[in-house]
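Please look over the sequence and the structure below, and then read the briefing that follows, which takes up one topic at a time.

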Amino acid sequence: MSKKKILLVEDEENESLLYKEELEKEGFEVISSSNGADAVEKIANEECDLVILDLQMPQMDGIETLGKILTKKRDMPIIIYTAYPQYKNQFLTWAADAYLTKSSDLGPLKRKVKTILGEK
Amino acid sequence: MNPRDITTFILAGGKGERLHPLTKDRTKPAVPFGGIYRMIDFPLSNAINSGLRKIYIFTQYKSLSLHRHIREGWNIFSRELGEFIDLVPAQKRIGEDWYQGTADSVFQNINILEDEKPKLILLLSGDQVYKMDYRRMIDFHLANKSDFTISVFEVPLSEAHRFGVLRVENDRVVEFREKPSEPSPDPRNPEVCLISMGIYVANLDILIKKVVEDAKKTNSSHDFGKDIIPSMIGSGNVFAFRFIDENKKETKYWHDIGTIDAYWEANMDLVNVDPLLNLYDREWPIRTFQEQYPPAKTVFSGEERKASVTDSMISGGCIISGGRVSHSVLSTNVRVNSYAEITDSIVFENVNIGRHSKINKAIIDKKVTVPSNTEIGYNLEADRKRFYVSDKGIVVIPKNYKW
């Protein structure tokens, strides 16, 4: 069975590398985007199974990116992974399959990824 | 509930294709009605009469005429007091698509709900003719602690197959079927069915949850009637509110005018001695925008060259100059010249009917000059070659038609 592919959208380089490494250890293929516009393009051109999306990014932020991803691939599973819980009151974030607050423990993120991809 | 906590969305993006050619140049909510009104004047007047002052109108197709009408006629609120009627054209705020359906139009304007954070949202259709106090529905919604309330209208069992039919138990909706072959009757009266009027009251969180959920579906048409409501039945706390008519007649009046024939009949009702739709009730006024014209006038009273008007509504600026008008509705600034005859017809603004012309069972759209000695509605075979003729034989002359 081929590896499930995750698109990781994260502007902070070190965080991006860490998450990529950790998710690859779990057996996933990870492609990275450092900004919204690139993520939208990757979604349009590459097959992937799940998006992990940071919200605070320069230029196109995560919420705008989320909307654009939705209209390209409506049923794309999306996990919002952000340091800020307060964006929940931006209603477009409700379209994500999960909204996780960043922590040093990557356990909850990995579990959520597995749950969503397991369901798929 | 304080009306400031309620935001009204009027969904006015529909194409209204079945009303073509009246919708050739305008969206259905902008179609004229009753001489001086546009269809959208009805939900708007209802909202104002219900004390609602935060109104958004979502527009999409052929919206110029509608925008103009709202701008010219409905700029009546004080934004300083937080009151407004805002036109919201499709903006592609979220993606690259226009509104895919009524639910999508709410989804694409989700930012409005973020900004307003209303407790309740009233969702209306922009193209229905009726008189309703939405406060009664809102009170019902609150009293039942409903999540989502659908206003329902009773129709005879035999007609229900054309509509979205609800089955209710103690006002709670337990089933919803679009155009069912065997519609479920109303438990209170087996002769009738309860159909959705496309008028909804929703709690904020439920509405967001449902439109967002729907936006993620690839097999959805993103429509409240077709997608959102069926998905709520069973799991949701959905109630049916039985329409209370402010028209105060024996028969309840609610018209979702879907065809040229229905349009013609609804206008013809107005010229009856006692019309079903009462436009004269000052307790529930229907307002509109009108250009200022002098009062309607008739001239010539000779034996043969004689102006005559019977059983008709004649708007301002019309001059019946030696012609005859019977059982017809004339919008503003229509000229009926000598020896011309208009019967059973609807004539829009800025139309000139030439001498000796005879018009029968026709709808003449704006800015048409009918040449002298023209006959419309007497030989449908001939009319069909030039014009749209409805099932019931109503001839429609489109806007700006040139002979």
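Not counting residues up to four places away in sequence, which residues does Gly13(B) touch? Gly13(B) touches Phe58(B), Thr59(B), Gln60(B), Tyr61(B), Tyr99(B) and Ser105(B), where two residues are in contact if their C-beta atoms, placed from the backbone, lie within 7 Å. This is a predicted model, in which local features need pLDDT of at least 70 and side-chain atom pairs count only at pLDDT 80 or more, while totals for chains, interfaces and linings use all residues. Residues are numbered from 1 along each chain as its sequence is written, and chains are lettered from A and ligands numbered from 1 in the order in which they are written.

- Gly13(B) belongs to the loop between β1 and β2 of chain B; helices (H or I, at least four residues) and strands (E, at least two) are DSSP runs, numbered from the N terminus.
- Gly13(B) has 25 other C-beta atoms within 10 Å and is therefore buried; a residue is buried if 20 or more other C-beta atoms lie within 10 Å of its own, exposed if 12 or fewer, and partly exposed in between, with C-beta atoms placed from the backbone.
- Although Gly13(B) and Thr27(B) are 14 residues apart along the chain, their C-alpha atoms are separated by 7.2 Å.

**Where the chains meet**

- The contact between the chains involves 14 residues of chain B and 12 residues of chain A.
- On the side of chain B that touches chain A, the elements giving two or more residues are α4 (110-116) and α6 (204-215) of chain B, and α6(B) gives the most, with four residues.
- The residues on this side of chain B divide into six nonpolar, two polar and six charged, where Ala, Val, Leu, Ile, Met, Phe, Trp, Tyr, Cys and Pro count as nonpolar, Asp, Glu, Lys and Arg as charged, and the others, Gly among them, as polar.

**A helix pair in chain A**

- The axes of helix α2 (residues 36-45) and helix α3 (residues 62-72) of chain A come within 9 Å and cross at roughly 15 degrees, the axes being lines fitted to C-alpha atoms, for helices over the stretch in contact, with angles that run from 0 to 180 degrees between N-to-C directions.
- That angle makes α2(A) roughly parallel to α3(A), since angles under 35 degrees count as roughly parallel, over 145 as roughly antiparallel, 65 to 115 as roughly perpendicular and the rest as oblique.
- In this pair, Gly36(A), Ala39(A), Val40(A), Ile43(A) and Ala44(A) of α2(A) meet Gly62(A), Glu64(A), Thr65(A), Lys68(A), Ile69(A) and Lys72(A) of α3(A).
- Sorted by class, the contact of α2(A) with α3(A) has five nonpolar, three polar and three charged residues.

**Buried helices of chain B**

- Helix α1 (residues 41-49) of chain B is largely enclosed by the rest of the structure, because seven of its nine residues are buried.
- The buried residues of α1(B) are Asp41(B), Phe42(B), Pro43(B), Leu44(B), Asn46(B), Ala47(B) and Ile48(B), and what covers them includes β1, β3 (37-38), β4 (54-59), β6 (120-125), β7 (129-130) and α5 (134-143) of chain B.
- After α1(B) comes Gly51(B), whose phi is positive, near 80 degrees.
- In helix α7 (residues 224-232) of chain B, the buried residues are Phe224(B), Gly225(B), Asp227(B), Ile228(B), Ile229(B) and Met232(B), and just after α7(B), Gly234(B) takes a positive phi of about 95 degrees.
- In helix α8 (residues 260-269) of chain B, Ile260(B), Tyr263(B), Trp264(B) and Asn267(B) are the buried residues.
- The buried residues of α8(B) pack against β2, β19 (329-330), β22, β25 and β29 (395-397) of chain B.

**Backbone geometry in chain B**

- Most residues other than glycine have a negative phi, and most peptide bonds are trans.
- The peptide bond from His20(B) to Pro21(B) is cis, with omega near 10 degrees, and Pro21(B) lies in the loop between β1 (6-12) and β2 (32-33) of chain B.
- Asn350(B), which is not a glycine, has a positive phi of about 55 degrees and is found in the loop between β22 (346-347) and β23 (351-353) of chain B.
- Asn350(B) counts as partly exposed, with 17 C-beta neighbours inside 10 Å.
- Lys367(B) likewise has a positive phi, near 55 degrees, and is found in the loop between β25 (362-364) and β26 (369-370) of chain B.
- Lys367(B) is partly exposed, with 14 other C-beta atoms within 10 Å.
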